[in-house]
Amino acid sequence: MDIHKQVILITGGASGLGAGTARALAAQGARVVLADVQDEAGQALAAELGQTYVHCDVTSEADAQAAVDAAVAQGTLRGLVNCAGIAPAARIVGKSGPHELALFRRVIDINLVGSFNMARLAAQAMSANEPQASGERGVLINTASVAAYDGQIGQSAYAASKAGIVGMTLAIARDLSRLGIRCMTIAPGIFGTPMLFGMPQEVQDALAASVPFPSRLGRPEDYARLVLSIFENDMLNGETIRLDGAIRMAPK
């Protein structure tokens, strides 16, 4: 897909992976619409890039539709990159009792239901597009995590939400194939994002050291480069790509 002058909607676009993707896409000439609940950060980034910001809670049908409408108002909506998400940690049984059911539901609602909510509405808008030369009308890119395959202590809710994203990827791609809309998922490993930077420095260092090669935290620009590759390669469809540096080494 040629994204030059095409509109790309990015959820969670005010920071982390979403912000890194916005910078990369804008540099390639795309018209970027940032959707987030972090209004101050989102407005500042949009102003810096000369792009558009819209407040959007991805769990809200009204907010999601408004974000899609705002993107369509900018031109032809060709892409959605879902980066909105949360990652609270809680054991299923902890010192204060069982895992809060409300917290589990909130993680599923934002990470999984929110991704589906945005995808269904963006795909509806894309279905009305004139196809490009390749026959494509649009591309959906969701964000999972290696936790979908390798959940750690305290990640039951997060791992479940990300496994759900992996699970729906092929089904969505098959649903939308007749419309010329692709669906892909990226499963990042340990990335330097606001979620991770909230951890103690020694924890961050230990996590970075656990990656065999390259032995560092992933960066938003690493994610953004893969997003660009997915847009450019129309043979990528219905698959989840791990962006993990390397498969984890077995503990000694």
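Me: Where is Lys5 found?

Reply: Helices (H or I, at least four residues) and strands (E, at least two) are DSSP runs numbered from the N terminus. In those terms, Lys5 belongs to the segment before β1 (7–11). This is a predicted model, in which local features need pLDDT of at least 70 and side-chain atom pairs count only at pLDDT 80 or more, while totals for chains, interfaces and linings use all residues. Residues are numbered from 1 along each chain as its sequence is written, and side-chain values use heavy atoms, with hydrogens and water left out.

Me: What is the phi of Lys5?

Reply: Most residues other than glycine have a negative phi. Lys5 is not a glycine, yet its phi is positive, about 65°.

Me: Is Lys5 buried or exposed?

Reply: Buried means under 20% relative accessible area, exposed means over 50%, and partly exposed lies in between (1.4 Å probe, protein chains only). With a relative accessible area of 53%, Lys5 is exposed. For the protein as a whole, 49% of the 252 residues count as buried.

Me: How many helices and strands does the protein have?

Reply: There are eight helices and nine strands. Contact means heavy atoms within 4.5 Å. Among contacts with a separation of 6 or more, 71% are between residues 24 or more positions apart.

Me: At what angle do helix α4 and helix α5 pack?

Reply: Axes are lines fitted to C-alpha atoms, for helices over the stretch in contact, and angles run from 0 to 180 degrees between N-to-C directions. Helix α4 (residues 101–126) packs against helix α5 (residues 156–176) at about 20°, and their axes are 8 Å apart. Angles under 35 degrees count as roughly parallel, over 145 as roughly antiparallel, 65 to 115 as roughly perpendicular and the rest as oblique. The angle therefore makes α4 roughly parallel to α5.

Me: Which residues make the contact of α4 with α5, and how do they divide by class?

Reply: From α4 the contributors include Phe104, Val107, Ile108 and Leu112, and from α5 they include Tyr158, Ile165, Met168 and Ile172. For classes, Ala, Val, Leu, Ile, Met, Phe, Trp, Tyr, Cys and Pro count as nonpolar, Asp, Glu, Lys and Arg as charged, and the others, Gly among them, as polar. The contact of α4 with α5 comprises 13 nonpolar, five polar and one charged residue.

Me: At what angle do α3 and α4 cross?

Reply: The axes of helix α3 (residues 61–74) and α4 cross at roughly 35° and come within 10 Å. Glu61, Ala64 and Val68 are among the residues of α3 in this contact, and Asn117, Arg120 and Leu121 are among those of α4. The classes here are eight nonpolar, two polar and two charged.

Me: Which side chain makes a polar contact with that of Asn117?

Reply: A polar contact is a pair of N or O atoms within 3.5 Å; within protein, one must be able to donate a hydrogen and the other to accept it, and residues adjacent in sequence count only if both atoms are side-chain atoms. The side chain of Asn117 has such a contact with the side chain of Arg120 (3.0 Å). A polar atom of the Asn117 side chain also lies 3.3 Å from the backbone oxygen of Ser60. Asn117 counts as buried, at 5% relative accessibility.

Me: Where is Ser145, and what does its side chain reach?

Reply: Ser145 sits in the loop between β7 (138–143) and α5. Its side chain reaches the backbone nitrogen of Ala147 at 3.0 Å. Ser145 is buried, with a relative accessible area of 6%. Neighbours within four places in sequence aside, Ser145 is in contact with Tyr158, Lys162, Ile186, Ala187 and Pro188.
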